[in-house]
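Q: I am new to reading protein models, and I would like a guided tour of this one. Please take me through it feature by feature.

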Amino acid sequence: MQDETAKAYNLPQHWEETEDISFTRLSDKVLQIHNATQTAAIKAVNRFATVRNYIIGYYIVEYEQHGSDRARYGDQLLKRLVDRVNRKGINETLLKVSRRFYLDYPQIQFYLLGQNSPTASDYLDEKSATLSHLSVQKGATLSHFFETPAEKLISQLSFSHIREILTVDDPIARFFYETECMKCCWSVKELRRQISTNLYVRCGLSKKPELLLAQTEQQNGMALSIKEPFSLEFLDLRPDAFTETDLENALITHLQEFLLELGKGFCFEARQKRMIIDDEYYFADLVFYNRILHCNVIVELKDDEFKHGDLSQLNAYVSYYKENEMRQGDNPPVGILLCTRKGKKMVEYALAGMDNKLFVSTYMTSLPDAKTLEEFLLKEMAK
């Protein structure tokens, strides 16, 4: 333990030894020790904050279930508790989150008591991404597969990260975001963005989820990332029973959700934007401006599978914007065609030779069933 501490803080192996050091080297050593210990202190504070909040949640739940005078407080329990404790940082929101934290993560209780909680490795059949016969006999459920060890939760995620993950109701989806957050070292802001844009669902639908995850890790916010597919389940449209007009109306009604689905920096600019080309009127379905990329983004909506003529139309709209709507400081406009299905080769051939930045993506108006998502996550764990 002493050797590890010395190595961590770059201490001399033998304290009695002296060396002729310069002032520059002295200042470097002081700064190095300060940075190392400060980082360790921050990590320790984060761990203790997580444990503190979990234990607070435990006592709240215990009181609600067994408190001798619990009936007296009822719905006012947390508010009265905040008033009674009267400490900075202890508020009603924190108590609510702590309560849910305790209820959603039972494995932490095992860890704090020095006991082992069953994890995926105890049940996963290495030869197939399914529950083994022995696991079924043990009473294993899918929740045993998708449970992050308590030690990892406490040591690798701050409580701010955990608070964001607690907004996800599905325990399997929570496991996914826990895993990706630790693997990719997401900031709290980035974690929030990935949750709001349904990365978990998107990976479950993708034919190459590993490629999608790799792209997610590399995103830096300065390149336009086009999702595949777009998740538009919030529109509440019946599959195969809507028109392009219905789709456009629903997107306008749920504009805030659609902006989140598009990604960073999108601002709504126009609907059915009129353009005059060769003395004829043409109308672009939706026009946005991306304040990060400094360019217009034209979105064309289709209620059918991809056709190469649709791309020619979008290309004309983008070219019109490039010639007539660009302002000083703008980058060239971008076009996005949203359709229900697309053939990879047809899209590739249709895009060949076009100078404009055009993208073709699909969208879904309903989420996949839970079984599809579970199978995806099991396959990822078996790799």
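A: Let us begin with a single residue. Asn-315 has a relative accessible area of 18%, which means that Asn-315 is buried. The cut-offs are these: buried is under 20% relative accessible area, exposed is over 50%, and partly exposed is in between, using a 1.4 Å probe and protein chains only. Before going on, note that this is a predicted model, where local features need pLDDT of at least 70, side-chain atom pairs count only at pLDDT 80 or more, and totals for chains, interfaces and linings use all residues. Residues are numbered from 1 along each chain as its sequence is written, and side-chain values use heavy atoms, with hydrogens and water left out.

Q: Where is Asn-315 found, and which residues is Asn-315 in contact with, leaving aside its neighbours within four places in sequence?

A: Asn-315 belongs to helix H17, residues 308-324. Helices (H or I, at least four residues) and strands (E, at least two) are DSSP runs, numbered from the N terminus. Contact means heavy atoms within 4.5 Å. Setting aside neighbours within four places in sequence, Asn-315 touches Met-354, Asn-356 and Leu-358.

Q: How many helices and strands does the chain have?

A: The chain has 19 helices and six strands. Among its 383 residues, 38% count as buried. Looking at contacts between residues at least 6 apart in sequence, 65% join residues at least 24 apart.

Q: How do I read two packed helices, and at what angle do the axes of H2 and H4 cross?

A: Two packed helices are described by the angle between their axes and the distance between the axes. Here, helix H2 (residues 23-66) and helix H4 (residues 92-104) have axes that come within 7 Å and cross at roughly 85 degrees. H2 is therefore roughly perpendicular to H4. Axes are lines fitted to C-alpha atoms, for helices over the stretch in contact, and angles run from 0 to 180 degrees between N-to-C directions. Angles under 35 degrees count as roughly parallel, over 145 as roughly antiparallel, 65 to 115 as roughly perpendicular and the rest as oblique.

Q: Which residues make that contact between H2 and H4?

A: On H2, they include Tyr-54, Ile-56, Tyr-58 and Glu-64, and on H4 they include Leu-94, Arg-99, Phe-101 and Tyr-102. The residues of this contact divide into ten nonpolar, four polar and three charged. In this grouping, Ala, Val, Leu, Ile, Met, Phe, Trp, Tyr, Cys and Pro are nonpolar, Asp, Glu, Lys and Arg are charged, and the others, Gly among them, are polar.

Q: Which residues of helix H15 are buried?

A: In H15 (residues 244-253), the buried residues are Leu-247, Glu-248, Ala-250 and Leu-251. They cover an arc of only 165 degrees around the axis, so they lie on the same side of H15. The arc is that of the directions from the helix axis to the C-beta atoms. Turned away from the buried side, another face of H15 carries the exposed residues Thr-245 and Thr-253.

Q: How many disulfides does a search of the whole structure find?

A: A disulfide is a covalent bond between the sulfur atoms of two cysteines. The search finds zero disulfides, a disulfide being a pair of cysteine sulfur atoms within 2.5 Å. Take Cys-181: the closest cysteine sulfur, in Cys-185, is 8.2 Å from its own sulfur, too far for a bond. Cys-181 is buried at 3% relative accessibility, whereas Cys-267 is partly exposed at 33%.

Q: Which loop holds Asp-278, and is Asp-278 buried or exposed?

A: Asp-278 lies in the loop between strand S2 (266-277) and strand S3 (280-290). Its relative accessible area is 71%, so Asp-278 is exposed. Although not a glycine, Asp-278 has a positive phi of about 55 degrees. His-294 also has a positive phi of about 55 degrees without being a glycine. The loop holding His-294 runs between S3 and strand S4 (295-301), and His-294 is partly exposed at 39% relative accessibility.

Q: How far apart in sequence and in space are Val-334 and Phe-359?

A: They are 25 residues apart in sequence and 8.0 Å apart in space, C-alpha to C-alpha. Val-334 is part of strand S5 (residues 334-339), and at 4% relative accessible area Val-334 is buried.
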